[in-house]
Amino acid sequence: TDKSGTMLYLNGVSVSFDGFKALNHLSIIVHPGEMLAIIGPNGAGKTTMMDIITGKTRPDDGEVYFDGRTDLTKLDEAQIANLGIGRKFQKPTVFESHTIWDNLVLALKRPRSVLAALLYSESPEDKARIEEILETVRLTARKDELAADLSHGQKQWLEIGMLLAQDPKLLLVDEPVAGMTDAETVETAKLLKQIARTRSVVVVEHDMSFVRELGTRVTCLAEGSVLAEGSLDQVSANPIVIERYLGR
Ligand code: ADP
């Protein structure tokens with residue numbers, strides 16, 4: 001297959017832990033400006049796939065390419081992050097004792113210390129960028145409040161905003177709506193769709209109503225490889241997907 005024109009290209013990726021095949025010839029393609037939802041039972045290899053993309057885990061076999069040309073298996077985690085791959089883990093990690101605004105300044109400027117960031121005064125360009133991110137993550141009205149005072153869902157949004165400050169081309173998001181209210185879940189689908197207009201997004205998710213809100217292409221993994229791909233309706237009508245995942 002041809003990797004030119006792809007944002008993310010995994011071909012025949014395998015990795016074993018103590019003889020157990022966590023990924024077994026996994027092949028996945030994500031195009032620029034596309035969102036892909038990954039579903040599948042526990043142990044399917046979803047987290048391992050994210051770890052392979054971000055360089056946390058090395059594949060035993062297979063190809064992993066970013067932006068059609070960069071071989072990610074040759075790079076370490078920091079190099080991969082610097083290429084423009086942002087990863088959002090399940091638990092939000094924000095600076096609780098700083099304001100939402102300062103959290104975004106910290107993410108944008110990546111200073112050597114928090115103190116250096118607080119002494120730093122933002123340029124008009126930085127301010128405009130932060131205002132834009134605040135709008136995207138629905139936190140404009142809260143910008144001067146402490147991150148600690150946000151709801152769990154809003155902390156998730158702030159962390160997504162902090163990743164956007166790094167201007168990633170590819171955003172990897174792990175179960176963003178776990179623990180969110182229904183209203184926050186619907187809003188999260190909207191904001192991720194907005195983000196995916198200009199960036200590629202991969203979302204790992206168990207919440208099928210949220211995946212439906214995303215309205216995007218779905219890949220179901222099981223036992224380390226692709227079980228089914230297509231629209232959510234196509235994938236969820238697949239008898240093997242029902243048997244191995246949805247029917248449980
Ligand atoms: P998912 O995210 O879909 O639930 P994972 O990628 O976490 O699946 O796990 C796939 C399989 O690989 C699981 O059986 C898990 O126990 C195993 N696994 C994942 N990471 C490691 C590791 N670092 N060491 C040993 N086994 C692992």
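**How the terms apply to this predicted model**

Q: Which residues of helix α1 count as buried, and what does the word require?
A: The buried residues of α1 are K46, T48, M49, M50, I52 and I53. A residue is called buried if 20 or more other C-beta atoms, placed from the backbone, lie within 10 Å of its own, exposed if 12 or fewer do, and partly exposed in between. The model is predicted, and local features need pLDDT of at least 70, side-chain atom pairs count only at pLDDT 80 or more, while totals for chains, interfaces and linings use all residues. Residues are numbered from 1 along each chain as its sequence is written.

Q: Why is α1 described as largely enclosed by the rest of the structure?
A: Of the 8 residues of α1, 6 are buried, and the helix is therefore largely enclosed by the rest of the structure. Helix α1 covers residues 46-53 and is followed by G55, whose phi is positive, near 85°.

Q: What makes a stretch a helix or a strand, and how many of each does the protein have?
A: Both are DSSP runs numbered from the N terminus, helices being H or I with at least four residues and strands E with at least two. The protein has 10 helices and 10 strands.

Q: Why does L23 count as buried?
A: L23, which has its place in strand β2 (residues 20-30), has 28 C-beta neighbours inside 10 Å and therefore counts as buried.

Q: Which residues does L23 touch, not counting residues up to four places away in sequence?
A: Contact is taken to mean C-beta atoms, placed from the backbone, within 7 Å. L23 touches V13, S14, V15, G45, T48, M49, I52 and G224, with residues up to four places away in sequence left out.

Q: What makes β3 and β8 partners, and what joins β9 to β10?
A: Strand β3 (residues 35-39) is joined to strand β8 (residues 200-204) by 4 bridges, and these strands run parallel; within this pair, I38 has V204 in β8 as its bridge partner. Strands β9 and β10 are joined by 5 bridges and run antiparallel, with T219 standing opposite E229 in β10. Their hairpin has 2 residues between the strands, and E223 takes a positive phi near 50° there.

Q: How do you know which residues surround the ligand?
A: A residue is near a molecule if its C-beta atom, placed from the backbone, lies within 6 Å of it. The residues around the ligand are F17, A22, G40, N42, G43, A44, G45, K46, T47 and T48, and helix α1 provides the largest share of this shell, 3 residues.

Q: Why does the radius of gyration agree with that of a compact globule?
A: The radius is taken over C-alpha atoms, and the globule rule is 2.2 Å times the number of residues to the power 0.38. For 248 residues a compact globule would be near 18 Å, and the protein has 18 Å, so the values agree. Along its principal axes the C-alpha trace spans about 55 × 40 × 35 Å, and buried residues make up 41% of the 248 residues.

Terms used:
Pairing = 2+ DSSP bridges. Contact = placed C-beta atoms within 7 Å.
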